[in-house]
Protein chains: 2
Amino acid sequence: MLERHEIEAFLVLADELHFGRTAERLHVSTARVSQTVRKLERRFGAPLFVRTSRRVEPTALGAQLAAELRPAWEAVGAAVRRVADAGHGRSGTLRVAFGGPAAGQLLAGVAERFRERLPGWEATFREAELVDRIALLRSGEVDLVFAEYPLREPDLMAGPVLVSEPRMLALPAGHRLARLGAVTAERLADLPLVQLPSAVPQSFRADRTPTRTPAGRPIPPGPAGTTLNEILTLVGAGRGAFPVGAQARRYHPRPDVAYRPLTDAPPVQWGLLHHRDHATPATEAFHQAAQELLGVGAATDG
Amino acid sequence: MLERHEIEAFLVLADELHFGRTAERLHVSTARVSQTVRKLERRFGAPLFVRTSRRVEPTALGAQLAAELRPAWEAVGAAVRRVADAGHGRSGTLRVAFGGPAAGQLLAGVAERFRERLPGWEATFREAELVDRIALLRSGEVDLVFAEYPLREPDLMAGPVLVSEPRMLALPAGHRLARLGAVTAERLADLPLVQLPSAVPQSFRADRTPTRTPAGRPIPPGPAGTTLNEILTLVGAGRGAFPVGAQARRYHPRPDVAYRPLTDAPPVQWGLLHHRDHATPATEAFHQAAQELLGVGAATDG
DNA sequence: GTACCTTACGAGATACGTAACCATC
DNA sequence: GATGGTTACGTATCTCGTAAGGTAC
């Protein structure tokens with residue numbers, strides 16, 4: 001196999017057809033080019049160029065080598081350049097996980113602005129269940145997660161609130177509370193709340209499945225559900241209620257589940273999280289793009 | 001750009017995922033592989049492999065580099081190998097010129113045998129006019145010519161006679177000689193002979209356009225024609241006659257030209273010629289293949 | 001304790017430049 | 001004689017192997 005300097009000397013000479021200019025382009029002496037080409041010709045067993053002191057032109061063999069070698073060598077160079085760009089963070093792919101169809105639509109716009117901010121970079125998205133989002137972040141399978149707050153974890157960095165939506169209560173359609181137009185937080189004591197698996201951070205569980213009403217009345221715990229569909233199935237079966245963002249009403253309509261505003265409860269908030277140890281210019285740029293596009297506290301009603 | 005040893009160390013390690021085996025395959029020390037990979041990682045700005053003393057596995061970046069680099073590098077190797085084969089005469093293309101459609105058909109069979117004799121080699125053919133054949137050989141545009149004899153030139157080497165066909169006389173259809181079933185050489189004095197251009201070797205001109213009959217009677221010179229078609233047109237126009245091989249009757253039938261056996265003339269013979277300075281194993285192999293297939297003195301009647 | 005990757009260092013190979021040489025126009 | 005490719009030779013860089021060091025299982 002040829003050495004890099006041999007390949008380059010040959011290809012440049014085949015291009016320039018002039019030892020002096022070739023040497024100049026390669027920043028070496030003409031003597032070096034001459035010796036390198038001579039060595040190649042010994043290797044190949046035949047002349048690659050016919051040269052007088054007045055003219056240099058490729059032989060049939062030299063022309064063949066140039067024609068076959070150039071595209072292959074340029075492909076090598078292109079591959080190296082791409083990977084060097086990726087390695088130095090000048091290009092790459094940011095992997096983002098999110099939950100819920102509404103979030104996916106919002107992020108499509110953010111991705112566009114992200115690409116403008118960071119040319120050479122792409123963003124890929126995947127939907128992930130509640131319990132998986134943080135695991136994906138910790139395992140390094142994704143770089144960012146767009147998730148419902150609060151998620152206070154020592155190893156995770158949460159960005160500012162990007163989306164805020166009214167909090168509603170998903171409750172069995174046949175339950176007497178469903179007959180009301182809205183529900184107050186105090187009425188949560190009237191039926192169990194579906195619980196979340198222990199894999200979900202405590203801060204999030206405390207927010208969604210409190211054990212007491214604002215007045216201090218105990219809220220009975222219901223069965224545990226892992227995915228939103230599982231939870232809503234439990235709700236529909238009359239096993240309890242669960243607080244959700246308003247968008248759930250649109251994306252998860254079910255005849256056995258009623259959605260009612262939780263009038264005096266704080267909104268459901270969303271934001272972007274990344275792992276403390278994996279903050280990069282790319283994650284930062286995505287944070288910025290999201291903030292520019294979604295703004296702080298921009299309320300969306302589902 | 002990467003050096004050859006860097007590319008190879010990386011690709012083999014990406015394949016083996018083991019520094020020891022990689023070093024073995026490359027015939028270097030493991031220390032060298034380690035240092036080379038480390039250097040690459042500094043170049044690319046990020047690790048290419050995550051390694052403990054127990055496990056080596058590519059990072060996403062390393063996997064990308066391997067995936068993009070391997071095909072390009074293999075293409076470089078393939079190009080170099082092909083050209084090295086060609087340069088050392090282990091493969092290549094033999095360019096053969098010939099005259100006349102019948103010759104083309106014969107040579108197709110010879111080419112097949114030639115490829116069997118010399119694996120890696122191909123033969124390409126081109127038809128060439130009488131006057132061009134020797135010029136192509138001298139300029140190096142072709143390696144062999146299948147041509148009508150005699151062509152005695154100091155710089156050309158003529159192989160044995162491969163094809164022999166009866167000599168016929170092309171003469172104007174309305175000429176009184178055309179009324180005979182055959183013509184004797186002595187009757188050539190009865191009409192002019194179309195002449196050949198001076199670019200055609202003297203030996204050939206002396207054979208085809210003699211100035212005297214066997215008995216010594218002068219043969220009048222006719223006008224000169226360069227190509228066979230030109231010559232036959234002159235013949236058809238009644239300007240003279242011309243001796244041809246029997247195959248011409250089949251491949252150049254014309255209403256204004258009659259073909260009659262030249263009963264007491266030597267046959268028209270064909271053979272392969274190459275330039276004295278360009279005898280190669282390939283030309284030799286083609287000569288051999290032609291002799292095997294066509295044999296000495298195998299007479300074909302057109 | 002063993003397998004194996006990494007670091008340190010001296011040795012050898014070779015790509016390199018300078019300068020003189022030679023050929024063509 | 002000018003332009004430009006080639007040859008000769010000393011130098012410096014860089015790859016290489018050896019050997020010691022470190023780490024995970």
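In chain B, residues Ile7(B), Phe10(B), Leu11(B) and Ala14(B) of α1(B) meet Gly62(B), Leu65(B), Ala66(B), Leu69(B), Arg70(B) and Trp73(B) of α4(B); contact here means C-beta atoms, placed from the backbone, within 7 Å. By class, this contact has eight nonpolar residues, one polar and one charged, where Ala, Val, Leu, Ile, Met, Phe, Trp, Tyr, Cys and Pro count as nonpolar, Asp, Glu, Lys and Arg as charged, and the others, Gly among them, as polar. The model is a predicted one, in which local features need pLDDT of at least 70 and side-chain atom pairs count only at pLDDT 80 or more, while totals for chains, interfaces and linings use all residues. Residues are numbered from 1 along each chain as its sequence is written, with chains lettered from A and ligands numbered from 1 in the order in which they are written.

The axes of α1 (residues 4-16) and α4 (residues 60-87) of chain B come within 10 Å and cross at roughly 115°. Axes are lines fitted to C-alpha atoms, for helices over the stretch in contact, with angles from 0 to 180 degrees between N-to-C directions. Helices are DSSP runs (H or I, at least four residues), numbered from the N terminus.

Turning to the pairing of the chains, 25 residues of chain A are in contact with 25 residues of chain B. Helix α4 (residues 60-87) of chain A gives the most to chain A's side, with 17 residues. That side holds 16 nonpolar, five polar and four charged residues.

As for confidence, chain A has a mean pLDDT of 93, with 98% of its residues at 70 or more; pLDDT is the predictor's confidence in each residue, from 0 to 100. Over residues 297-302 of chain A the pLDDT is below 50.

How values were computed: Two residues are in contact if their C-beta atoms, placed from the backbone, lie within 7 Å. Helices (H or I, at least four residues) and strands (E, at least two) are DSSP runs, numbered from the N terminus.
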